[in-house]
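Thanks for asking me to look this over. Here are my notes, with the model itself first.

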Amino acid sequence: MALRKGTWVGLWMTATVAGAACGGLGGSDDDCLVGSQDCRCTDGGACDPGLECLSGVCTSIGGTTDDGATPADTAATPTGGGATMGATGGDTTDGMPPLTTGLDSSGEPPTGTTDDGGGPILDVGPPPTGGIGMGCQAIDVLFAVDGSASMIEERAALAATGAFTQVIMALEALNGGGIDYRIAVTDDDDHGFMVPPGWFEPDPWFDSTSMTPMEIANAFNGAVGQVGGIGGAALGCEHVLTSASTLLSSGINDFVRDDALLVLVLLTDVDDYGAYDQMGGNVCGIGCATPPPNLGDLVDELVTVKNGDIDGVSAIVVAGDPNVAAGVNICQQPGSCGCAGFDCEIFHATRLYEFTDMLGANGYSADLCSGPASVPMAVETALNVSIDIACQNFEPEG
């Protein structure tokens with residue numbers, strides 16, 4: 001948080017667009033929506049609900065949508081060096097995402113469906129470029145999550161089993177499918193890897209080669225539940241990016257593999273040691289006494305972890321958009337939304353957005369002001385857009 005955080009008022013919107021089903025394989029691509037019945041599957045091998053990808057074509061397995069139409073894709077709009085998105089949320093209960101698993105009896109995610117039927121699987125991205133034989137075949141994903149009390153709803157929305165199952169499905173579909181992935185969790189204050197209670201495995205991360213999607217979703221939920229439970233950062237010193245970079249470059253673990261694309265997912269309602277949170281960076285004269293590291297140095301640290309290949313580093317930032325001027329709090333700290341009276345709800349994440357710009361097409365930013373329920377949707381969309389392309393373009397040595 002900045003100097004003080006207000007109570008979160010959930011802001012989200014649901015957008016649903018229906019597209020007509022394709023008339024048949026004889027039509028042109030313009031006549032046939034990707035993922036629709038009798039049309040080409042997405043590059044990740046997915047189809048609209050009720051359809052299954054067979055030999056590259058979306059085939060009916062017993063039904064369509066209620067009105068016979070197929071849902072249209074949900075897309076993000078790229079801006080600048082990295083993509084940006086105002087993510088939208090889905091159905092919730094008491095402001096929180098549903099906790100359904102979205103998995104079948106075997107523990108695997110079903111093809112072409114969402115966890116609760118609340119919307120289509122995102123299938124945006126470029127046409128197939130050769131499948132798993134090109135680009136990366138493994139991905140290492142580190143979630144660095146703000147442990148502030150003001151982020152409880154956002155953490156819960158991301159870690160909800162049903163919502164995170166959708167993220168897992170997006171991971172598994174990258175670069176044509178069959179991706180080998182690892183998922184780990186850390187916080188914003190250098191506490192290392194977070195694991196669920198009762199974790200006795202030798203490695204503090206969750207590996208697709210030894211765990212089912214259900215097991216990974218449950219482990220992720222438990223690990224995120226530990227964030228913030230062992231003491232948070234000092235006033236204004238939250239630093240998800242610096243904490244993640246320090247952990248990965250410490251050399252005390254082998255989480256990052258040479259042949260895997262590295263993906264940082266950074267979730268916070270403030271900046272990484274933001275200038276406005278420094279004691280001299282606001283009119284109140286209070287805040288963090290730790291100066292922010294140079295962004296270029298942090299990028300260099302991550303590139304070094306990837307053996308000098310910047311194409312092997314990518315990031316998803318879900319934080320306050322610094323391009324949205326929503327006012328300031330009592331200490332003149334700028335906010336992206338919720339600035340009324342004494343405080344703001346979400347503060348500008350200027351350094352984090354600059355970080356994604358420095359990664360070019362491998363960086364993706366989404367505005368946290370879209371609400372807690374939008375967080376998993378933003379991560380899922382980023383995987384389908386920027387990370388899928390980054391995976392296709394990353395060619396590890398050897």
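This is a predicted model: local features need pLDDT of at least 70, side-chain atom pairs count only at pLDDT 80 or more; totals for chains, interfaces and linings use all residues.

1. Residues are numbered from 1 along each chain as its sequence is written, and side-chain values use heavy atoms, leaving out hydrogens and water.

2. Have a look at strand E14 (residues 363-367), where five of five residues are buried (under 20% relative accessible area with a 1.4 Å probe, protein chains only). Gly 363, Ser 365 and Asp 367 lie on one side, with Tyr 364 and Ala 366 on the other, so both faces are covered. Strands here are DSSP E runs of at least two residues, and helices are H or I runs of at least four, numbered from the N terminus.

3. E14 runs parallel to strand E11 (residues 313-319), and five bridges join them.

4. Helix H2 (residues 161-172) and helix H7 (residues 374-393) pack with axes 9 Å apart, at about 5 degrees (axes are lines fitted to C-alpha atoms over the stretch in contact, and angles run from 0 to 180 degrees between N-to-C directions). That makes H2 roughly parallel to H7 (under 35 degrees). Val 167 and Leu 171 of H2 and Val 379 and Leu 383 of H7 are among the contact residues (heavy atoms within 4.5 Å).

5. H2 also crosses helix H3 (residues 213-224) at roughly 125 degrees, their axes coming within 9 Å.

Methods:
Buried means under 20% relative accessible area, exposed over 50%, partly exposed in between (1.4 Å probe, protein chains only). Two strands pair if DSSP finds at least two bridges between them. Angles under 35 degrees count as roughly parallel, over 145 as roughly antiparallel, 65 to 115 as roughly perpendicular and the rest as oblique.
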